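The model comes up next.

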There are 2 protein chains.
Amino acid sequence: MNDCTVIFQPSGRRGKVASGLTIVEASRRLGVDIETICGEQRVCGKCKVRVLEGFVENRGIRSDMSHLSPWTSEEGAFISPEERAQGYRLGCAARILGDVLIYVPEESRGSVQVVRKEARPIEVTLNPAVKSYAVSVPQPTLQDPTADFERLGQALTAEHGIGRLRIDSRLLSMLPRIIRDCRWKVQVLVWQDQEIIDIRAADAFKPLGLAVDIGTTTLAGYLCDLTTGSLLATVSMMNPQVKYGEDVMSRITYAMMHPGEGLEKMNTEIVDAINALASRAASSCGSTPADICDMTVVGNTLMHHVFLGIDPGALGLSPFPPAIHGPVDVKARDMGVRIHHGAYVYVLPIEAGFVGADNVGVLISQEPYRKEDMALIIDIGTNGELVLGNRTRLISASCATGPALEGAQITFGMRAAPGAIERVRVDPSTLEVDYRVIGREQWKSESNPGDMLARGICGSGILDALAELFGAGVIGKSGAFAPALDSRRFRKGKDGQPCFGIAREEETSIGRDIVITQKDVRQIQLAKGALYTGAKLLMRRMGVTTLDRVLLAGAFGNYVDPERALMVGLFPPCPLDRVQSVGNAAGDGARLALLDRAKRVEAEQIAKQVEYMELTTEPDFQERFIESLHLPHMKDPFPDL
Amino acid sequence: MNDCTVIFQPSGRRGKVASGLTIVEASRRLGVDIETICGEQRVCGKCKVRVLEGFVENRGIRSDMSHLSPWTSEEGAFISPEERAQGYRLGCAARILGDVLIYVPEESRGSVQVVRKEARPIEVTLNPAVKSYAVSVPQPTLQDPTADFERLGQALTAEHGIGRLRIDSRLLSMLPRIIRDCRWKVQVLVWQDQEIIDIRAADAFKPLGLAVDIGTTTLAGYLCDLTTGSLLATVSMMNPQVKYGEDVMSRITYAMMHPGEGLEKMNTEIVDAINALASRAASSCGSTPADICDMTVVGNTLMHHVFLGIDPGALGLSPFPPAIHGPVDVKARDMGVRIHHGAYVYVLPIEAGFVGADNVGVLISQEPYRKEDMALIIDIGTNGELVLGNRTRLISASCATGPALEGAQITFGMRAAPGAIERVRVDPSTLEVDYRVIGREQWKSESNPGDMLARGICGSGILDALAELFGAGVIGKSGAFAPALDSRRFRKGKDGQPCFGIAREEETSIGRDIVITQKDVRQIQLAKGALYTGAKLLMRRMGVTTLDRVLLAGAFGNYVDPERALMVGLFPPCPLDRVQSVGNAAGDGARLALLDRAKRVEAEQIAKQVEYMELTTEPDFQERFIESLHLPHMKDPFPDL
C-alpha cells in the first residue's frame with residue numbers, strides 16, 4: 001500500500017496516510033474532525049466534503065480519477081449533481097487512492113472550534129442607536145391635511161420630544177399604506193435620533209442588534225435585545241478568508257494578485273459569512289435576520305477594508321495607510337448584508353494601518369483613558385496589537401508576532417479546539433510531562449492515557465511548554481535545547497532537529513507522538529520577542545519604566561497562563577496579580593457600541609487621540625528585538641530604560 | 001364602405017374614418033401627426049404604432065382579426081416578433097377595417113408638441129449644491145501614515161476651508177486606487193458641502209446638472225453647466241403617464257385599481273422617461289448622463305409621489321394628504337435614475353395635497369414673498385393652482401379647472417402643437433373670423449386658405465374665441481349662443497347643439513370645419529369659473545379687494561391673451577399692464593434650485609409658510625362658483641368683497 005499525501009482545508013493539517021482509507025478515517029489520523037453522526041454508515045450525509053484536487057474535468061462533470069475511489073450511488077442521496085460537479089463526496093464513502101486536497105465545509109466540521117470569544121458580562125448604559133417609539137398619530141382632516149410624514153414627526157415630537165427626523169427613502173414609499181393599515185397607531189424605529197427606519201403596528205416588534213467581530217480566523221456574532229440590552233445568543237464560525245492565508249499579509253497579497261475580482265470575491269465571502277451568522281443567531285432565539293435592526297462591526301484593518309469593499313492594496317505597502325480612519329455608517333442593504341431592510345451597519349474607526357477597529361473595540365471596553373495607572377493592553381489574535389497609556393496619553397503599536405501563538409507554523413500546532421493540549425507541566429527532576437487537553441477536565445496524570453485523545457498543541461499549551469522546558473533546563477537561555485539531555489522524551493527528529501515529546505502516540509488521536517521541536521521554540525521566541533520589544537519601545541516613548549497593569553485580550557490572551565507568560569518574557573515585568581485576562585475585548589467593544597451610542601462617540605474620539613508608533617522605524621529596533629529573543633531576560637535587553 | 005371608429009392615444013383624438021384607410025391616412029384625417037419620412041413607402045419604419053384594441057389573442061401571438069388588414073412581410077423588417085406580439089404595426093402598411101384604438105409612441109409622433117416650456121433667462125447667484133474642488137494631497141509617509149480619506153479631508157480644509165465631509169460609500173471603496181492613480185492631485189466633487197461624491201484627475205471634468213419639470217402632460221429637462229450656470233440644452237417629451245389619463249385623478253385611480261404593480265409600472269415609466277431625457281440632453285452637447293452630477297425635480301404631488309415610488313392612494317381620498325411635505329434628497333442610483341453614480345436627486349417640497357412641488361418652483365422663481373404688492377399667481381397646467389399674497393402672507397389653493405384650458409374635452413381641442421389655432425378674432429359687425437395657427441406667422445386673412453392647415457384649437461385659441469364671440473354678441477352673458485343668429489358660420493350640429501365655425505374645411509388638414517360648440521363654451525365657463533371663484537375666495541381670506549399684479553404661469557398661462565382673459569373673467573380685475581406671463585415658472589424654479597443652494601432653503605421655508613386653503617369647504621363655494629360662470633362679471637358675483 002502506497003502512502004498518499006492528504007491536505008485538509010481550512011485547517012491546513014497535512015500528512016501521509018495509507019492508500020485505501022476513507023476521507024473520514026484519514027481526517028482522524030491527521031487530527032481533523034469531520035462530523036459523522038451516523039458512525040460512517042453513509043446514511044446521515046453530514047460528512048460531505050469537497051475534494052479540490054486529485055481529479056480531472058471530464059465533459060463538464062468532474063469524474064474522480066485514481067486519487068479517489070469511484071462514485072457510489074449512496075452518495076447521490078446527499079450530493080446533488082451540481083455539488084458532484086464541484087467535487088463534493090461523502091467523507092465516509094470516498095476512499096483515498098492518491099494525493100488529495102480536501103476542503104471541509106464549515107457544516108461538516110465535527111467539533112466546531114472552541115470559540116474563545118465568549119461574551120463576558122459587560123456594564124453598559126442602555127442607549128442604543130436604534131430605538132423604538134410607540135406613537136399615536138392624529139388622522140388628517142380637511143382642516144389639517146398635513147402630510148403623513150410631517151404628521152408622524154409632529155406626533156413623535158409631542159409624545160417623545162424627538163424632532164427633525166428624516167425617513168429611509170424606501171420606507172417613505174410605503175409610509176401612506178403602512179400608517180393607514182396600522183390605523184395611525186404605530187411603533188417607529190429611529191436610528192440615531194436622525195432617521196426613521198421602520199414603522200409597524202404598535203407593540204408588534206422587539207428590535208434586535210448584532211455585534212460582529214470579524215477576527216482574522218474566527219467570526220463571532222453577539223445578538224442582543226436592543227430594548228433590554230440582554231445577550232440573546234453568541235454565534236461564531238471560521239472566517240472564510242482563512243483559505244487565502246492565515247495571516248493578514250498573505251490575504252492582502254491575494255487581493256493584489258487578483259485585481260478587481262479578488263477583492264470582490266473576498267468581500268462577497270465575508271458578507272455571506274456575516275449573513276450566515278446573523279441568520280444562525282436570529283434563528284437560535286426564534287427570530288429572523290429581519291428583526292436585526294442594528295449592527296456594529298469590529299475587525300482588523302484588512303477585514304474592515306474587505307468588508308467595506310475597499311481596495312486593500314495600500315495596506316500592503318509602506319507606509320501602510322488605511323483608506324479611512326473614521327467610523328463608517330452604511331445601509332446594510334447597500335452592503336448586501338441581509339438584516340432589517342432599513343438598518344445601518346456601524347463599523348468602528350481605525351487607529352492606524354495595523355491597529356484597526358478591533359483595537360478600538362478593545363479600548364472602549366477597557367477604557368484605559370479613564371484611569372490613572374499605566375496599563376499595557378496586549379491583544380494577541382493572529383496579529384499582536386499593543387496599547388500603552390492612561391488618561392493622559394495613549395500610544396499604540398502593531399507587532400509582527402506571526403501566527404505561532406495561535407498554533408500555526410508549529411509542528412503539532414493547532415487552533416484552540418477539542419483535543420488541543422492547552423496546559424503543560426514538566427517535572428524539573430524527572431522531566432516527566434503532565435498536560436490537559438481542551439474538552440477534558442482531567443490532567444493526563446489523572447486519566448487513562450488512551451482517554452486523552454490529544455490532537456495537537458494550541459497557543460497557550462506551546463507557551464506553557466516553553467516556560468516549563470526552560471524552567472526544567474531542557475531549553476537554555478538562547479532557546480537551544482540542552483546539548484546532551486538524558487531523557488527518553490528527548491530525541492532527534494528525522495531532519496536532525498532535536499525535539500521533546502509532550503504526548504505519547506497512545507495518548508493521541510492521531511497515532512503519533514506530539515512533540516515540540518527546536519524550530520517550534522524558535523517560532524515562539526520570535527513572537528514573544530516582537531511583543532516584548534514593542535512593549536519596551538512604547539514604554540520608552542511614554543517615558544515610563546514600570547507597568548501598573550497588563551491586560552491580555554483576544555483568543556490567546558484569554559487562555560495564556562500569566563505566570564508562564566512572564567517566565568518566558570512575553571511582556572515586561574509586572575506584578576502577577578496585576579496581569580489580567582480580559583477575554584474578547586474587541587467583541588465586547590462591538591457590543592458596547594451596539595448598546596450605547598455614547599460608546600460610538602467615545603470610539604471616534606479615542607481613535608483620533610491614540611498616538612500610533614511605527615516600531616520598525618526606531619533606529620535600535622532590530623538590536624533590541626534580537627536581544628529580546630533570549631529566555632528569560634536575566635539581562636534586561638533595555639538597560640537604558 | 002363602413003365607417004370605423006378610430007381613437008389615437010395619447011392625444012385622445014377620435015373620429016370615424018372610412019374602412020380601408022391606412023393608419024397614417026386615418027391619422028391625418030383626425031389631426032394626429034405620425035412620422036412618415038419615406039412618404040409611406042414602407043421603407044423607413046418611422047410610423048410604427050401599437051394597436052391596443054381591435055385584435056385578439058391567439059396562441060400567445062396576437063393575430064389581428066378583421067379590424068386591421070393582415071400582417072405584411074414588409075412590416076417584419078422593422079417590427080420584432082416581440083413587438084408584433086405586443087400589437088405593433090407600421091402605420092403606412094396596416095389598413096383599418098374595424099374599430100381600433102391606436103397608441104402612437106413618442107418616437108413616431110410627427111411634429112412633437114410645441115413645448116411651451118422654453119427656458120427663460122433667470123437671474124441667479126451661482127452657488128450649486130455640487131461643487132468641484134481641485135486639491136493636492138500630501139502623500140503618506142511612515143512619519144504620517146494618516147488614512148487616505150482623512151488626508152484628503154485635511155487638504156480640502158487647508159486649501160478650500162471645507163471640512164467635516166463624509167464620502168459616498170461606493171466611492172470610499174475605490175478611494176485608495178483613484179487617489180494613487182491620480183498621483184494625489186485630484187478634483188473632488190462635493191455635494192452640499194457634506195459628501196464627497198466623486199474624485200477624478202485634476203481638471204478632467206466639468207460637472208453638469210439637470211433640472212426636471214415633470215408636468216402632467218410634458219416632461220421638460222434643463223441641462224446646465226454647474227461651473228458657469230449656463231443653460232446648455234432644453235429637452236422635452238410627453239409624460240408617459242398620459243396613457244393612464246389626462247388628469248391627475250384618473251392616474252391615481254389607475255394606481256389604486258392595480259395595487260402594487262400599477263405604481264411600480266408608473267414609477268418605472270417615469271424614471272425611464274427621465275433617463276431618456278437625461279441621455280438626450282447630455283448627448284445634445286457631447287456629454288453623457290454620467291456627467292450629470294446633480295438633479296432637481298418639480299412636479300405636482302401625484303408626479304412627485306409616483307417618481308419617488310410613493311403609494312399615491314391617499315391623494316385620491318379626502319382630505320388628500322400627501323405622504324411628505326418636505327424636500328427629499330435621494331441618491332439617483334437608489335431611484336434607478338442613471339446619471340452620475342454618486343449624484344443625488346433633490347425633489348422640491350410640497351405645499352399641500354394638490355399644491356405640489358411645481359407650485360413651490362413657481363414661488364421661488366417669482367418670489368412674491370419678497371414684495372409688498374399683492375400678487376395673484378395663476379399656474380394653469382392640467383390643473384390650476386393659485387397663490388395670493390406678498391411678503392407678509394401667502395395663501396394657496398387648488399382649482400378643479402379640468403383640462404379644457406389645455407384643449408382637452410373640447411370638440412376640436414388639441415394641445416399646443418403645430419396646426420393648433422392659438423389666436424382668434426371675430427369682427428363684431430360681419431362675424432367674420434380671423435385666426436392664427438401655431439407654426440405659421442401669418443393670420444388667415446393674410447394667407448391662402450389652403451396654407452393654414454389648421455388641425456384644431458388649443459387652450460389660448462379657445463379662450464380667445466370665447467372672448468371674441470362674447471364681445472360680438474354671438475354668446476350671451478349666460479354663455480348660451482344667441483337664439484337666432486344670422487351668420488353662415490352659425491349652425492346646429494348633428495346633436496342639435498348650436499356651434500360656430502372658426503375654420504372652414506378647406507383651411508384645415510383634417511378635412512372638416514373646425515367649430516366651437518355650445519358644450520365647448522360650457523367647458524371653458526366651468527374652468528374659468530373655478531379659477532375666478534378660487535381667486536376671489538383667496539382674496540376674501542386675505543382681506544383684500546383688489547390685486548396689484550397677476551402672474552400667469554404654466555403652458556397655458558404663457559400664451560393666453562391677458563386682455564381676453566380679463567374679458568371672460570378668468571381672474572378678478574387687474575390693470576392690464578399689471579398682468580404678466582411668466583413662462584414655465586415651475587421649471588425655472590427647478591433650475592434655480594439646481595444652480596443656487598440658497599433657493600433650496602428658500603423652497604423649504606416657503607413651502608412651510610404658505611397657508612393652504614381648501615376651497616370646497618367654504619360654505620358659499622357652490623353658490624359663488626355658479627355665479628362666476630357668467631360672462632363677464634357685469635354683476636360682481638362677490639358683491640360683499
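## Ground rules

This is a predicted model, where local features need pLDDT of at least 70, side-chain atom pairs count only at pLDDT 80 or more, and totals for chains, interfaces and linings use all residues. Residues are numbered from 1 along each chain as its sequence is written, chains are lettered from A and ligands numbered from 1 in the order in which they are written, and side-chain values use heavy atoms, with hydrogens and water left out.

## Where chain B meets chain A

On each side of the interface, 34 residues take part: 34 from chain B touch 34 from chain A, with contact meaning heavy atoms within 4.5 Å. Together the two chains bury about 3,000 Å², and 66% of that is on carbon and sulfur atoms. Buried area here is the accessible area (1.4 Å probe) that two parts lose on being put together, summed over both. Three residues, Leu142(B), Leu172(B) and Pro319(B), account for 18% of what chain B buries against chain A, more than any other three.

One pairs Asp311(B) with Arg177(A), at 3.0 Å from N to O.

Helix H4 (148-160), helix H5 (169-181) and strand S16 (328-331) of chain B are the elements giving two or more residues to the side that touches chain A; helices (H or I, at least four residues) and strands (E, at least two) are DSSP runs, numbered from the N terminus. H5(B) gives the largest share, 7 residues. By class, that side of chain B has 19 nonpolar, 9 polar and 6 charged residues. Ala, Val, Leu, Ile, Met, Phe, Trp, Tyr, Cys and Pro count as nonpolar, Asp, Glu, Lys and Arg as charged, and the others, Gly among them, as polar.

## H4 against H5

H4(B) and H5(B) pack at about 55°, axes 10 Å apart. Axes are lines fitted to C-alpha atoms, for helices over the stretch in contact, and angles run from 0 to 180 degrees between N-to-C directions. That angle makes H4(B) oblique to H5(B), since angles under 35 degrees count as roughly parallel, over 145 as roughly antiparallel, 65 to 115 as roughly perpendicular and the rest as oblique. Asp148(B), Phe149(B) and Leu152(B) of H4(B) meet Leu175(B), Pro176(B), Ile179(B) and Arg180(B) of H5(B).

## H6 against H7

The axes of H6(B) (residues 248-257) and H7(B) (residues 261-284) come within 6 Å and cross at roughly 130°, so this pair is oblique too.

Technical notes. Salt bridge = Lys/Arg side-chain N within 4 Å of Asp/Glu carboxyl O.
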